Amino acid sequence: MELFNDLEREFTRVSADVSDGLSDITTDRYLTGERRKDAIHEVDKQLEQLSKILQQMNSLLKRNAHQSLTLQPKVRKCEADLQTMRRELDRIKNTGGGGGGQVGGWGGGDDEDDLEIRWQDQRQQLLSQTAKQDKTLERIDRSQATAEDALAVGHATLDTLEAQGKQLNRAKDNLGVIDDNMSRSRKIMRQMYAKVISNKILLLFIIFCEIVVLVFIVYWKWFR
């Protein structure tokens with residue numbers, strides 16, 4: 001994640017240099033001839049550097065798929081910025097002239113003013129498109145933040161359900177233990193009841209024997 005942040009900062013820094021270079025090419029009236037070609041070549045090199053940085057960011061995104069919700073919007077914004085800067089450079093190349101001087105058949109002040117007005121209009125359109133892209137990316141970020149919040153709530157709910165499931169399993173195990181104890185208690189009570197009945201029968205038999213013996217003694221002593 002730290003490496004991705006470093007690449008993002010480097011992309012932002014080089015993008016600022018490209019924007020400055022494009023602005024100089026389109027607004028500097030004295031940037032003509034070889035100086036203009038050198039400036040365009042320098043912007044080309046910087047765009048190539050941005051393309052390599054973007055490739056590294058995409059590579060990191062693939063290796064960290066679990067962070068795609070956070071990293072992917074940043075990569076998309078960088079891709080959109082790079083495409084915008086490429087289109088602006090292509091437009092400048094196609095115009096064939098700088099911001100001032102006599103270039104490609106445009107000579108006087110009126111033509112130069114008209115050309116600069118057209119450039120300013122195109123620049124405003126480009127800035128407007130960039131602002132729209134930024135707003136779209138912000139909406140995407142908000143949607144992804146909402147999705148992440150919902151995902152976090154879902155994980156929390158799953159954790160709660162898992163804890164409740166464990167509690168139910170423990171309660172079930174406790175019920176099994178209680179049932180076993182009840183079964184043993186019933187068995188012990190039956191055994192105790194059987195012993196009580198046996199003791200009563202034995203006691204009745206002893207009493208009967210004593211009565212028989214007593215009757216025999218009485219009969220033997222008094223009626224014999």
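At 35% relative accessibility, Asp6 counts as partly exposed, a class lying between buried (under 20% relative accessible area) and exposed (over 50%), with a 1.4 Å probe and protein chains only. The model is predicted: local features need pLDDT of at least 70, side-chain atom pairs count only at pLDDT 80 or more, and totals for chains, interfaces and linings use all residues. Residues are numbered from 1 along each chain as its sequence is written, and side-chain values use heavy atoms, with hydrogens and water left out.

**Salt bridges**
- The structure holds ten salt bridges, each a side-chain nitrogen of Lys or Arg within 4 Å of a carboxyl oxygen of Asp or Glu.
- Asp6 pairs with Arg9 in one of them, at 2.2 Å from N to O.
- Arg9 and Asp6 are about one helical turn apart because they lie three residues apart in helix H1; helices are DSSP runs (H or I, at least four residues), numbered from the N terminus.
- Lys37 and Glu34 form a salt bridge at 3.9 Å, N to O.
- Lys37 is exposed at 54% relative accessibility, and Glu34 is exposed at 52%.

**Cysteines**
- The count of disulfides is zero, a disulfide being a pair of cysteine sulfur atoms within 2.5 Å.
- Cys78 is buried at 7% relative accessibility, whereas Cys209 is partly exposed at 30%.

**Largest pocket**
- The lining of the largest pocket has 18 residues, and Ser15, Ser19, Asp81, Met85 and Thr130 lie nearest its centre.
- A pocket is an open set of points on a 1 Å grid over the protein atoms alone where a 1.4 Å probe fits, with protein on both sides within 12 Å along at least five of seven lines; lining residues have an atom within 4 Å of a point.

Methods:
Helices (H or I, at least four residues) and strands (E, at least two) are DSSP runs, numbered from the N terminus.
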